[in-house]
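This report is a short walk through one structure for someone meeting it for the first time. Please have the sequence and the view at hand while reading.

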Amino acid sequence: MPETALGDYTAPPFGRRPLQVVGSAASGAYRLVEVFDPSGVVPMAGQFYMLSAESEWPGSSGRPYLPRAFSVASVDVGADGVTLGFLVHAVGPGTQRIEEVGGGRAGSLLAVGPLGRGFAAPHEVAAGAKGAILIGGGIGVAPLALLRRNLIRLGVPSRVLLGYRDADNAGGLDLFDCSEIKLATDDGHAGHRGRVTDLLERLLAGDDRGSAVVYSCGPPAMLEAVRVMCEEAGVACQLALESPMGCGYGACFGCAVPLREGGYMRLCLDGPVVDGSTIARADAGAEVQ
Amino acid sequence: MIEARDLRVDLCGIELAHPVLNGSGTFDAIAAHDVFGDILLERFPFSAFVSKTITPEPRPGNPPPRLWEETDGVINSIGLPNKGLGGFLEKDLPRLAALPVPLIVSVMATSAEEFAGLVQAISERSEVAAIELNVSCPNVKSGLVVGESPDECASLVSALRVLTEKPLIVKLTPGADPVPVAMAAETSGADAFSLVNTLKASPLSPAGDGHWLGAVSGGLSGPTIKDLALAQVSAVADAVGLPVIGMGGVSSGADARSFLEAGASAVAVGTENFRDPEAGSRIARELEDLG
């Protein structure tokens, strides 16, 4: 039997464990930090880890205090464990410290995970769906890079659309096992000048409409545009959302995202990947501090 | 006198393997069991489990954002999301009863009558070892925060005392001097105290466009409040003859020992659980190593 699913949920090891940094490389304006996990638990695309550093967490300023959620961008399964890659863009005290430790190649990151719900295969999302459209923005391209590799393994055809603000905020392209990425940039330095959702609009107007599922991760405004476009086109979509997570395992109730039916979900438990049809809006969660 | 390496504690007749509990609302044992599996039960981090606060009716919780990272701490405005008493008894209690440690249920209401309904219903359940009263909200009739008023607190504890034989733990708020409140509650029949709850705080948005939190104000917790908590725990422990569960920024065995030395019989870990799911057992181990 060929594999048809993108993976099964495997419980993460209980607790917080140090994972040794084994690689660090620039990926455009981002950095791919690789750690080795001897537990061997293989994460699904879309799942995340709560990461912090063993020292200076918090630093002398008192921040970063809480761990930070990172989607896994690459997975390399070896005989005695897995190498996990995280795409880091240093924008605040937490991401700065992760990048600092990751860049040193000598340290360890403290990790809890893999956590949350990952992407499902197209036929699991919509009956009859045979292909995938991946649309990512900014640092949100990370989980899509792993999804793309897993889709290739399953033999599912996929198209990749990636958007960036400008060259200083672009990276992760090298993680895609794909030579046919369609790019959009706000400043026009590469690919289509404009929004990446312009490219999606064109695809949804064509033949892909009836046979594909859309997978997306990126800034809230982009995700909301994707959600609305898919809903109007009658195409199922799975969105990897972001919301400030204090713990990642349901303890703090911080990552509330409004549900379409009323009330809230805890994104760390019921996401971060959600079906577009279940949420009120993709930009109604909180901004990450 | 606790002998070295024997961390057992008797809390109102409840035998605890060590003095480290969780603070209410800082660890969801059901969610953690779903995430990590049965190993959670084998390596349960706390010597007793304190539930999230249960209210008479279901609550969805506050609109996001709900969290603000402070220096050495967190401000949260979660808003007590819970299934309500009925949902708790039907769905959550059976799962919490399967935990390997005694269960303490936290309850909150906005009137003595509603509190009585909660305490009566929970008192009937043998799975519950003790009841914690979250008195950090206003009485709708008087407008006074119960935990900030000795008279309100005494009247509530007296009304509930006759309804249950289970230990009643009063969770004190740091917003007012907790000593007169604790003394009044002791006279009215409380069995123990837990303190401190979070401190009211309202972070501003860094973008300069008003308040950050969806509910405007929340509660400050974490190491940044530890010294304040130690002072209040010490004052209450000196003033009453009942056990005190001390909390506020407990992140290490050394922190736990500070609270025990200040007069607490046990400690609760809250915000540190967010950083480390096994914080409770780590802190108990560190406490043991301190001798």
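How many salt bridges does the rule find across the interface of chain B and chain A? Across that interface the rule finds four, and since the coordinates come from a predicted model, this count, like every other value here, is computed. Among the salt bridges is one within chain A, between A:Arg281 and A:Glu224, where the closest N and O atoms are 3.9 Å apart. This pair links distant parts of the chain, 57 residues apart, with A:Arg281 lying in the segment after strand 16 (273–275) of chain A and A:Glu224 in helix 5 (residues 220–233) of chain A.

| Salt bridge | Closest N and O atoms |
|---|---|
| A:Arg281 with A:Glu224 | 3.9 Å |

**The interface of chain B and chain A**

Between them, chain B and chain A bury about 3400 Å², and 64% of this area is on carbon and sulfur atoms. Of the area that chain B buries against chain A, 25% is supplied by B:Phe36, B:Glu69 and B:Arg275, more than by any other three residues. The contact draws 43 residues from chain B and 38 residues from chain A. Twelve residue pairs are in polar contact between the two chains, counting pairs with both residues at pLDDT 80 or more. On the side of chain B that touches chain A, the elements that give two or more residues are helix 1 (29–36), helix 2 (39–42), strand 5 (67–70), strand 6 (73–76) and helix 9 (272–275) of chain B. Helix 1 of chain B gives the most to this side, with five residues, and by class the side has 21 nonpolar, nine polar and 13 charged residues.

**A helix pair within chain B**

Helix 8 (residues 253–261) and helix 10 (residues 279–290) of chain B pack with their axes 7 Å apart, at an angle of about 70°, which makes helix 8 of chain B roughly perpendicular to helix 10 of chain B. From helix 8 of chain B, the residues B:Gly253, B:Ala254, B:Ala256, B:Arg257 and B:Leu260 meet B:Ile283, B:Glu286, B:Leu287 and B:Leu290 in helix 10 of chain B. By class, the contact of these two helices has six nonpolar, one polar and two charged residues.

Terms used:
Residues numbered from 1 in each chain as written. Chains lettered and ligands numbered in written order. Predicted model: local features only at pLDDT ≥ 70, side-chain atom pairs only at ≥ 80, totals over all residues. Heavy atoms only, no water. Contact = heavy atoms within 4.5 Å. Buried area = accessible area lost by both parts, 1.4 Å probe. Salt bridge = Lys/Arg side-chain N within 4 Å of Asp/Glu carboxyl O. Polar contact = N/O pair within 3.5 Å; in protein donor to acceptor, adjacent residues only side chain to side chain. Helix = DSSP H or I, 4+ residues; strand = E, 2+ residues; numbered from the N terminus. Nonpolar A, V, L, I, M, F, W, Y, C, P; charged D, E, K, R; others polar. Axes fitted to C-alpha atoms, helices over the stretch in contact; angles between N-to-C directions. Parallel < 35°, antiparallel > 145°, perpendicular 65-115°, else oblique.
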